[in-house]
Amino acid sequence: MSATPVLAANSVSMVFGGLTALSNVSLRLQEGQILGLIGPNGAGKTTFFNCLTGLYSPTTGNVQLRGQVLPTDPAAVTVAGVARTFQNIRLFPSMTSLENVMVGRHSRMKQGPLASLFHGPAYLKGERDARDRSRELLEFVGLGTVHDELARNLPYGDQRRLEIARALATDPKVLLLDEPTAGMNPQETEATRQLIFAIRETGVAVVVIEHDTKFIFSLCDHVSVLVQGQLLVEGTPDVVRADPRVIEAYLGKPPDEVEAEVRQYAEEAAHGGPESTQVMQPIRDQDGHEGGNR
Amino acid sequence: MATLLQQLINGLVLGGLIALIALGYTMVYGIIQLINFAHGEVFMVGGFASLATYSYVLPESWRDHGHWPIALPLMALGGAVVAVVLAVAMERLAYRPLRNAPRLAPLITALGVSVILKEAVRLWYPGATAPVPFPRAFVDEQFRFQLGEGTVTIGATAILMIVVSILGAIILQTYITRSRMGRAMRATAQDPDTARLMGVNPNRTIVLTFTIGGALAGLAGVLYGIHITNVDTEVGFLYGIFAFTAAVLGGVGSIKGAVIGGFAIGLIKTLSGQYLPGGTQYDLVWIFVLLIVVLVFRPQGLFGEPERVRA
Amino acid sequence: MLTRIVRTKAEKGHHVRNQTVKAAVLVAGALLLAACGTNKTESGSGGGNNQSCDQSKGTLVIGVIAPLSGGLSALGLGIRNSAQLAADQANEKCAVPGYKLQVQPEDDQATAQVGAQAATRLSSNANVVGVVGTLNSSVAQSVQPILKGKNIVQVSPANTNPSLTRGAEYGTAPKRQFENYFRVCATDDLQGPFAAKYLVGKAGKKSIAIITDGKTYGEGLAAEFKKQAEKDGATIVATAKVGEKDTDFSGVIGTISGSKPDAVYYGGEYPQAGPLSKQLKDAGLNIPVMGGDGIYDGKYIELGGKEGDLATSVGAPTDTLDTAKAFVSAYKAKAYKDDFSAYGAFAYDAANAIIGSLGKALTGGAEWSEAKRTDVISNVGTYSAEGATGEIKFDQYGDSTNKLLTVYKVSGGKWVADETGTFGG
Amino acid sequence: MSKPTNSVTGSVAIPPGLARPLGIGGGVLAILGALLPWVTFLLNDGAYPDKATLQFFDAPYAVSGFRLHVLLLGVVAIVAHFIPVPLRRVLRALGWGLIGVAAVNIVFPLVDGGGFGAITSDGTNFAFGGIVSLIAGIALVLAAKTGPLEPVPQWKTSVPTLVAYAVLVVSFVALLLVVAMMLNAGGQGGVGNPYAGPIFLSLLAFLAGVLGALHGIGLTGWISGLSDKHKWFSVIVLVLVALALPFTEAGTDYWMTTAANIGVYAATAIGLNIVVGLAGLLDLGYVAFLGIGAFVAANFSGAAAAAFDIELPFVVAAIIAAVVAGIFGAVVGSPTLRVRGDYLAIVTLAFGEIFKKAAQNNIGGLTGGANAIPNVPPINWFGASFDESLTIGSLELPSGVLYYVLIIVLVALVMVVFANLKNSRIGRAWIAIREDEDAARAMGIKTGQAKILAFLIGATLAGLAGAVFAHKTSTVAYDSFQFIESVTLLAAVILGGMGSIPGAVLGAALLLVLPEKLREFSDYRLMLFGLALVLIMRFRPQGLVPDRHRRAELADEGADGVPIEELNVHDTPGDEKAVTR
């Protein structure tokens with residue numbers, strides 16, 4: 001780990017009022033790496049994500065992209081090259097999938113208000129390029145057929161994929177995925193796994209939050225375990241999987257039960273009718289997770 | 001000095017009235033995030049209702065000033081009852097069907113309802129195209145104190161106004177924090193779904209909220225009537241805006257905020273009229289300037305819940 | 001993707017056609033059935049008007065432009081009804097030989113743009129002989145040019161802004177603005193000074209506070225009052241403005257009370273003046289409130305106007321004027337839903353001025369045509385009669401020459417004439 | 001919560017067996033009703049129109065006006081049974097149309113004439129036309145309830161271009177004629193025609209019924225599909241058609257003036273539509289920008305009371321007005337950086353009131369205060385004064401026609417601006433913010449800038465409209481810009497359909513035409529306005545011409561009668577996610 005990491009969080013701490021959500025969490029993401037971030041609910045995974053993407057400004061510590069300290073403004077962070085998806089899907093429900101992705105292109109397009117007003121040739125070219133690129137990305141994530149479908153009408157799995165396409169549209173160097181397979185059945189999960197590998201092939205480093213340990217261990221080159229806002233263990237999947245502290249702290253029970261739990265989790269997700277419909281309205285569900293005050 | 005004190009008193013009286021109305025705004029917003037534009041009109045209707053009680057219900061013999069101990073409570077009752085019925089009907093017929101509609105729908109509906117109410121009174125209450133005289137059914141006394149070379153005046157109705165508004169706020173506060181229904185209210189305000197799971201009936205709670213808001217508005221209507229001694233279809237909008245501003249200023253959803261906001265606005269109106277450039281013709285402007293400044297530096301209002309970022 | 005239709009067609013196939021035929025037959029039947037009816041004509045005879053007068057030549061229209069909806073409707077409806085009254089009386093008295101007069105009220109919503117629409121609507125009706133209105137000066141400003149375009153006479157019962165007739169430099173370089181525009185009400189620069197002379201001179205009030213409602217009428221009146229009052233040696237110790245819809249004046253009163261005025265001049269109308277007077281009294285400032293014809297109304301006293309308050313109004317005292325009494329009783333007799341309010345009597349006179357001039361233009365059974373409108377205008381210019389507000393006559397600018405003003409005082413719970421005179425300037 | 005009577009589920013209560021009897025019976029009854037007399041005696045204001053006061057079966061071929069409408073509805077209802085159409089949809093539309101027509105022509109004689117005698121029997125004459133027609137209408141509606149509504153058939157839009165053009169031209173011209181007919185229904189009203197109001201209303205009901213039926217068979221959908229396909233052609237034709245209005249029966253001074261005012265409001269409403277419809281920011285003080293534009297233009301118009309006595313050419317003045325208004329827009333918009341959702345409502349309302357107060361107090365001597373700025377001269381290009389009437393060759397065009405043309409051009413321009421922005425990077429950014437502000441930021445959108453830009457552009461358009469307003473109205477007074485006007489503008493946007501391009505224009509047109517056509521009821525104007533607001537929000541919150549996105553959502557349902565539950569559109573401004581809680 002000698003090369004400068006593409007993304008580095010340096011001893012990030014986050015304190016809401018009284019409670020400490022994160023304390024001195026550091027993380028190094030190398031080029032072309034897939035890094036998994038696991039931990040029990042309320043461990044501060046999403047809070048950490050929000051720090052990485054500038055939604056929260058860390059109480060102490062900072063985040064660097066290729067050695068440059070990132071600002072704490074989500075828009076600027078995205079422009080700098082860090083894109084994300086949301087745990088509870090946050091698409092633009094009444095825009096078509098294509099439009100959703102084109103919004104992703106926003107920061108990479110140059111037309112100002114005047115150009116948008118007069119639709120000159122340069123503008124039209126820009127639009128065309130954006131549209132083509134967006135189409136590519138939809139193809140890439142396997143939504144080639146549903147350009148003109150309203151996002152809200154897409155099946156749950158497709159919504160997750162669309163969110164990834166939208167994030168990719170910002171030409172990120174680093175992609176942060178917040179529980180990309182939550183509520184997916186094994187097939188969808190597998191497809192997502194392949195998708196993430198494919199994304200890595202395009203030279204984008206990826207950080208993934210997941211509950212599904214099996215998924216993480218089979219996906220990532222490097223895994224960090226977050227427990228009660230502190231980095232417990234990090235290393236290769238094998239190392240982490242073997243580490244008794246993980247099993248203890250994260251699951252509180254021996255490995256085989258873990259496997260069982262994981263399987264059961266996957267099955268629930270498989271025929272998760274009610275659950276999925278419930279998540280299909282990202283707007284409806286309040287911040288049920290560690291949101292915390294700003 | 002006398003002037004300052006006088007203006008402080010005037011401000012407090014006006015503030016008390018605004019606070020009473022603002023409570024309705026703030027409670028409704030707190031529980032269903034709806035700016036009930038029509039609430040100001042409920043106050044206005046309350047005023048007219050109590051007047052109607054006086055001139056159509058109250059027996060001739062009791063209308064003379066001496067009988068105010070009977071007349072006033074009756075009028076207050078009349079005003080409050082009508083206001084409550086109106087508020088609840090509004091919720092039931094206009095707002096409840098839009099419970100899950102886009103956020104703008106109920107707001108526009110509220111605007112519509114307020115127009116309807118104002119017009120209904122203007123068209124169908126005898127003589128309401130112009131202000132209608134209102135009996136001062138209370139101790140018709142003006143207490144005066146010499147202060148320096150100036151005198152300070154405060155009317156009995158003015159005192160009543162302040163007292164009632166503060167009492168009302170305190171009772172309401174305790175009710176909401178202590179009583180069972182109060183807890184239900186706060187629960188529903190926090191998170192309707194969970195509240196339902198906890199066995200709270202949101203609809204009942206919401207109706208209760210509108211009831212309380214309506215009652216307070218009706219009460220404000222009577223107090224306004226006996227203090228100003230006339231009532232007019234236009235006052236609903238005017239004081240509605242004041243109260244609404246007060247609620248936002250104090251932080252919508254907070255009882256304390258509404259009351260303090262109300263008094264703040266009353267005081268600003270009178271004091272700015274007295275001491276700031278432009279005088280009385282710009283007092284409204286000063287109120288709004290303050291509002292904007294507060295909101296810019298504290299978007300959730302003085303005592304409001306800070307907004308939370310979801311991700 | 002002509003999906004559904006195609007399939008249904010396919011299924012139904014041939015007998016769609018003959019079903020359509022059936023339909024045709026059926027319809028034809030219905031119409032046939034209808035056809036075999038006898039031809040009777042209208043039952044009853046046209047119109048319900050069987051007056052003694054000859055109204056064979058048809059109907060002529062007097063337009064009224066005033067706010068009939070919203071906050072100012074009280075005044076607007078008063079104007080409408082009074083004009084209606086005038087028209088009805090004219091119809092009974094056969095004032096216009098051969099024609100029936102009708103009033104067409106138009107709501108201007110108290111805004112200029114709607115007023116313009118109303119004016120255009122009337123002006124494009126060939127039978128409109130004149131217009132009574134408007135209430136708001138700003139509306140008048142948008143109505144004047146439109147009616148001018150069609151030479152329709154406009155007589156306003158309520159516009160008191162001098163510039164409407166004599167232009168921006170009405171004081172120094174008066175210049176007639178629109179020769180089709182007249183008004184029966186006194187302009188601010190008459191009433192204001194007259195009031196000042198009385199209040200300062202006769203009543204001997206030397207330190208006066210001025211309160212206005214920020215509207216055209218009140219502002220103008222107060223401004224003219226101020227000029228004269230200061231000329232006559234009074235000091236304006238305080239000026240304040242109340243919000244258009246304000247009802248709690250404690251703040252305003254507070255600001256003026258410090259300067260210890262011995263009288264208040266209020267530029268505005270009775271709905272606010274009454275309560276203001278009462279609240280002044282409550283606040284311990286038991287000083288007279290004086291205002292213009294906008295507060296000379298019974299409602300003012302009901303709303304709290306106190307003993308000793310003063311108001312100026314045009315013409316000789318109404319209770320000495322038979323015409324005025326006649327108007328009031330006639331209006332009461334009609335039992336309109338709304339009070340005739342501040343400008344009713346003026347509207348009545350305005351309508352009568354138009355009717356009279358029209359009658360003159362059509363004497364000898366002349367036919368009405370748009371060409372006659374110019375005659376009507378010139379006739380109004382020379383019109384002269386005793387109206388409900390005194391003598392109705394217009395000067396070369398279209399203003400009422402009735403420079404006679406009366407000061408009324410509240411005593412015994414009603415307005416009593418106190419002094420009548422003209423303003424010498 | 002009572003669902004609208006005509007909900008998707010159709011609430012099947014009537015046995016399907018009754019479908020045909022009810023349907024055809026209804027039709028026959030309607031025809032009968034048309035031929036029966038409607039009013040027994042002469043009302044005070046003279047005979048009720050269209051010979052409604054006749055004996056049974058009088059002059060069947062002379063059946064005119066609303067009676068003809070009833071007849072037609074009935075005939076169509078019968079015919080519909082024998083041709084392949086989505087019957088229940090058509091019947092429902094026709095039924096409601098009938099009910100509307102009947103109700104109007106029953107209620108009016110009832111209240112205006114003399115009680116039930118007028119519409120039933122006064123002893124000697126009998127007149128049950130109204131009641132029969134009403135029953136007919138109800139029968140049709142019930143017939144439509146005998147089963148679930150059929151889906152609206154989709155006609156194929158891939159027709160030869162020429163055909164498409166022809167269809168568009170025809171339909172737009174038809175539209176023009178219908179509009180002219182509506183505007184002229186009952187003549188200019190007033191004392192000339194005391195029944196203008198009911199005539200207009202019943203025509204409205206009739207047209208609504210017909211339109212509903214046409215929609216039911218998928219025609220309107222097809223046409224709008226075609227016009228979507230040939231956007232530019234449609235725009236051009238539409239503008240030409242609009243310019244042709246002065247040549248129709250509606251080409252009177254009165255309608256020219258009204259139309260010009262409508263144009264001013266429409267342009268302003270489109271500006272507001274950017275702020276509310278696209279960016280999802282509620283503005284309750286919007287009329288202020290119209291006012292600012294108007295005052296600026298008035299001050300540069302060379303009017304006597306103007307602050308500066310320089311007279312700039314209208315175009316220059318208009319541009320200055322637009323710029324100034326735009327700047328104010330940016331200022332008003334700036335709190336949006338911090339203030340979100342409903343709180344913004346009160347802030348904008350505050351700005352509106354502040355503007356009014358400032359104008360009333362003649363701030364900086366720029367507004368003429370209570371005396372306003374009167375006698376703003378009419379626009380004058382190449383010696384053509386815009387308030388004069390215009391003669392081209394032989395035919396004389398009504399005065400104000402030039403303003404009308406100007407305003408049409410302006411509105412067209414503004415619509416193009418709106419459309420271009422909407423389908424651009426900026427537009428997408430705005431919609432994204434409306435949909436989910438946090439997500440939008442996470443996509444690299446500088447939300448602050450975008451929001452202020454929305455206010456800026458919106459206000460600019462309003463300012464432009466204001467410049468025309470100043471000259472058209474010839475006086476600019478603070479009391480033309482009250483709170484209620486802001487509400488009206490907002491209502492226009494909502495009524496038309498938020499974010500939809502033609503919406504704001506349609507909304508503005510309705511909100512200004514209705515009060516004009518119904519001047520007889522002007523006492524009740526505001527009351528009806530309020531009722532309209534409430535009912536629209538209850539039954540059609542997506543507006544009359546919903547934005548494409550919403551249309552996509554509602555495609556399966558079609559235009560009418562969507563119960564609110566279905567319309568739970570998350571993509572509307574101020575929806576929970578616009579404000580994070």
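In the predicted model, A:Met14 stands opposite A:Leu22 of strand E2 in chain A. Strand E1 of chain A, residues 7-16, pairs with E2(A) in the antiparallel sense. Seven bridges join the two strands. They belong to an open sheet of four strands in chain A, ordered E2-E1-E4-E5, with antiparallel pairing. Strand E2 (19-29) and strand E5 (68-69) of chain A stand at the edges. Each has a single partner strand, so one side of each lacks a neighbour in the sheet. Helix H1 of chain A (residues 45-52) packs on this sheet. Helix H1 touches E1, E2 and strand E4 (60-65) of chain A, and its direction makes about 65 degrees with that of E2(A).

In chain B, the unreviewed UniProt entry annotates residues 12-35, 70-89, 101-117, 152-176, 206-226, 238-268 and 280-297 as "transmembrane region". Two of these spans are described here. Residues 152-176 of chain B are 84% helix and 16% strand. The end C-alpha atoms of that span are 37 Å apart. Residues 206-226 of chain B are 100% helix and 0% strand, with end C-alpha atoms 31 Å apart.

For chain C, the domain assignment gives domain 1 (59-185 + 343-394) and domain 2 (189-317 + 407-422). Their centres, taken over C-alpha atoms, are separated by 29 Å. Domain 1 of chain C contributes twelve residues to the contact, and domain 2 of chain C contributes nine residues. On the domain 1 side, helix H5 (137-149) and strand E12 (390-393) of chain C each supply at least two residues. By class, this side of domain 1 of chain C has three nonpolar, eight polar and one charged residues.

Conventions:
Residues are numbered from 1 along each chain as its sequence is written. Chains are lettered from A and ligands numbered from 1 in the order in which they are written. This is a predicted model: local features need pLDDT of at least 70, side-chain atom pairs count only at pLDDT 80 or more; totals for chains, interfaces and linings use all residues. UniProt positions are given in the numbering used here, feature names are shortened, and annotations may be inferred rather than shown by experiment. Domain bounds come from an automatic or database domain assignment. Two residues are in contact if their C-beta atoms, placed from the backbone, lie within 7 Å. Ala, Val, Leu, Ile, Met, Phe, Trp, Tyr, Cys and Pro count as nonpolar, Asp, Glu, Lys and Arg as charged, and the others, Gly among them, as polar. Two strands pair if DSSP finds at least two bridges between them. Axes are lines fitted to C-alpha atoms, for helices over the stretch in contact, and angles run from 0 to 180 degrees between N-to-C directions.
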